[in-house]
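Dear colleague,

Please find the structure below for your records. My findings follow directly after it.

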Amino acid sequence: ASLAPPRAASASPASRASIDRSLARRASRARPVVVAAAAAGEADAPPETAVKRSGSLKINLPTWLTLVRVAAVPVVTAIFYARGAWVCPTCCVIFVAAAVTDWADGYLARKLNLVSSFGAFLDPVADKLMVAAALVLLCTIPPAGVPAWQVAAPATIIIGREITMSAIREWAAAAGGEAHGAVAVNSYGKWKTATQLVAISVLLGVRDGTAWMGLADGSAAASAVVTGGVWCLFASAALALLSLWIYMAGVIGYMD
């Protein structure tokens with residue numbers, strides 16, 4: 001007798017069709033369960049790009065310097081409207097100190113590897129608050145002998161440029177990709193910042209005269225200092241427009 005296993009009887013075409021339909025029904029019933037489980041797994045898994053909650057805000061030395069700059073805004077505002085020979089020198093010194101901390105906090109953050117999200121957010125806010133507040137104050141009481149429009153006109157350009165740039169950066173961040181890279185800081189923006197810091201420091205200091213500098217009011221040297229401050233402010237306004245035009249030229253192609 002042969003020891004080979006018996007062969008299974010070949011299934012008829014009708015039997016094979018019945019088996020195929022049965023398997024198809026089982027697969028259709030199992031598929032919704034598998035899809036639902038996969039969807040639940042994807043929903044439960046946090047997105048890779050999500051910002052994780054730190055749990056507590058840590059304020060380091062560079063951020064403290066930035067907070068000091070923010071706190072200086074109401075201090076300068078209160079002192080500006082006081083009376084006395086000490087007012088203008090004090091406002092000037094506070095503003096110069098704030099400008100120094102603007103450089104120091106960034107330097108320390110990079111040098112000591114203390115860069116933080118909160119510091120990166122707060123630093124430009126502190127800069128804009130300090131500059132805008134000082135310009136508004138000078139518009140209310142311009143330096144002696146300086147027509148109000150010579151402060152108000154460039155101040156309007158500078159503040160308007162900052163508002164526009166904030167909107168451009170917000171749009172570019174939302175757009176992402178190459179549009180985001182198109183708003184990188186350019187050299188004209190840096191020169192604008194430097195000239196406006198010089199101009200505001202000078203104009204705050206000479207609001208009530210230049211006697212505290214050792215310069216007789218009305219002298220050629222005093223007039224040169226005041227005129228230099230005004231021209232620096234106009235130069236800052238011109239650089240503000242130029243840098244804004246460069247930024248707009250870079251992103252306008254990505255807008256609908």
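Arg 69, setting aside neighbours within four places in sequence, is in contact (heavy atoms within 4.5 Å) with Ala 98, Thr 101, Asp 102, Asp 105, Asp 123, Ala 126, Asp 127 and Met 130. This arginine lies in helix H2; helices (H or I, at least four residues) are DSSP runs numbered from the N terminus. Arg 69 counts as buried because its relative accessible area is 2%, where buried means under 20%, exposed over 50% and partly exposed in between (1.4 Å probe, protein chains only).

The model is a predicted one, in which local features need pLDDT of at least 70 and side-chain atom pairs count only at pLDDT 80 or more, while totals for chains, interfaces and linings use all residues. Residues are numbered from 1 along each chain as its sequence is written, and side-chain values use heavy atoms, with hydrogens and water left out.

Met 130, one of the contacts of Arg 69, also belongs to the residues with the most contacts inside the largest nonpolar core, together with Leu 135, Leu 138, Ile 200, Leu 204 and Leu 233. That core has 30 residues; a nonpolar core is a set of buried Ala, Val, Leu, Ile, Met, Phe, Trp, Tyr and Cys residues joined through side-chain atoms within 4.5 Å. At least two of its residues come from each of H2 (61-80), H3 (87-111), H4 (117-140), H5 (149-175), H7 (187-205) and H8 (220-251). The most are given by H4, with seven residues. Not counting residues up to four places away in sequence, Met 130 touches Arg 69, Ala 72, Val 73, Val 76, Ile 94, Phe 95 and Ala 98.

A second, separate core of seven residues includes Ile 168, Ala 172, Val 183 and Val 251. Val 251 is also in contact with Trp 171, as are Ala 179, Tyr 254 and Met 255, leaving aside neighbours of Trp 171 within four places in sequence. Trp 171 sits in helix H5 and is partly exposed, at 28% relative accessibility. Its C-alpha atom is separated by 9.6 Å from that of Val 251, 80 residues apart along the chain.

As to H3, this helix has 25 residues and reaches 36 Å from its first C-alpha to its last, close to the 36 Å expected at 1.5 Å a residue (1.5 Å times one less than the number of residues). Just after H3, Asn 113 takes a positive phi of about 55°. Leu 112 is found in the loop between H3 and H4 and is partly exposed, with 48% relative accessibility.

Yours sincerely
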